[in-house]
Amino acid sequence: MSVQDELTRQGLEPAGRDAVLPFAVEPLDTRGRAVLLGPVLDQILQRHAYPEPVSRLLGEAATLVTLLGTSLKFDGRFTLQTTSDGPVSMLVVDFDTPDGLRACAQFDAEAVAAAQARGEADPASLLGKGTLAMTIDQGAAMNRYQGIVALDGKSLEEVAHQYFAQSEQIPTVVRLAVGEVFTREPGAAPRRSWIAGGILAQFLPEAPERMRKPDLHPGDAPEDAEFHEVDEDDAWRETRALMETVRDDELSDPDMTAERMLFRLFHERGVRIFAPQPIADRCRCSDTRIRAMLKGFSQEERDDMTVDGRIEVTCRFCNTHYHYDADEV
C-alpha cells in the first residue's frame, strides 16, 4: 500500500511543511510525533541573520520544542532555555499552545567564528558546559513544572534523551536534523532557506513494568552490591533500531514528507497517523505589552532609556522595533 493509499484509507490530508504529525505503531506500543519545518523556521532564522552554525543549533532547538510543545493538552507554554559557557551562551525557544513558535539565540560572534575556523562548530562545542531547562507553564493559577539537565559536551538529541530518562522516565528516542536549501531565480542571486525535520518516539505499553530499564552499573561499589540487569523489551528494542536508521539527510530532504518517513520506518508493523497540527511563526510581543512593561519601570530607569526624547524597544525574538515619545509612558 502506498503512502497516499494509507492517507486516503484514514481520510487524512498530507501534513506538508510546518505541521506536526502524531502517529502510533500499536504492535510496538509506540507513539510519537514527526515534524518537517520549512517557511516558519526559515522566517525565524532569517530575520536575525545568525551565523550558519548558530542557525543550525537554534533550528534543532526549535524542532525539539515543536515536537514537545504540541503534546500539551491544555492552554499553556513550553519553553526551552540553555545557559552555558560556550560561544552560544543562550538559546530560548517558546511554544505557545496551540501553534505559536518563537526562538532566539545569544552568542559571541568572534568566538563562533573562531570555532568555525578550528572546525569545532558542532552543536555540543557551541553550547559548552551549562544547563538546559525545559519549563511547562500552565498559567498563573497553576504551578509550573521544570526539568533541568546538564550540558556537558552533549548534542541536543543526547540532552533530550537524558531529560526524558530522569524527568519523565519514559523510554524515548529523538532524531533532529537541520538543512539548507539553495534556490535561484533567473537573473537573481542564489537564496538560502532553512528546513528541519524531527521524529520523537516513545514506548508506552499498558503494563508499566515493561518500561523498566537496566540499572546503572555500580562502578566502584562493593563487590557484594546488587546490580539488577533487566532485559530491554523486544518491542522497544525494535523501535529504537528502526529509529537509528533515520539519516540526517533524510530528515532535511526538501522532498521528504512526514508520512513517507513514517511509512518507511514502520510500514511492516503498520503505522497509524492522526490529524496534523499546524505550526505558526508567532511572537507574543505587542504595543500593549511593551507599553505596560515600560510603565512598570521607575522614572529614573525610563530616563536612562530615553534618547533625544524617545524610547526604542526591540523584541529579541521577532526583531520588531517599537518607538515611543518619552512622555507617552
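Tutor: Buried means under 20% relative accessible area, exposed over 50%, and partly exposed in between (1.4 Å probe, protein chains only). The model is predicted, so local features need pLDDT of at least 70, side-chain atom pairs count only at pLDDT 80 or more, and totals for chains, interfaces and linings use all residues. Residues are numbered from 1 along each chain as its sequence is written, and side-chain values use heavy atoms, with hydrogens and water left out.

Student: Why is Phe 107 called partly exposed?
Tutor: Its relative accessible area is 27%, which lies between the 20% and 50% limits, so the label is partly exposed.

Student: What makes Tyr 50 buried?
Tutor: Tyr 50 has 7% relative accessibility, and the limit is under 20%, so Tyr 50 counts as buried.

Student: Why is the pair of Tyr 50 and Phe 107 called edge-to-face?
Tutor: Rings of Phe, Tyr and Trp (its six-membered ring) pair if their centres lie within 6.5 Å; planes under 30 degrees apart count as stacked, over 60 as edge-to-face and the rest as tilted. Here the centres are 5.8 Å apart and the planes at 75 degrees, so the pair is edge-to-face.

Student: What makes Cys 283 partly exposed?
Tutor: Its relative accessibility is 22%. Cys 104, at 4%, counts as buried.
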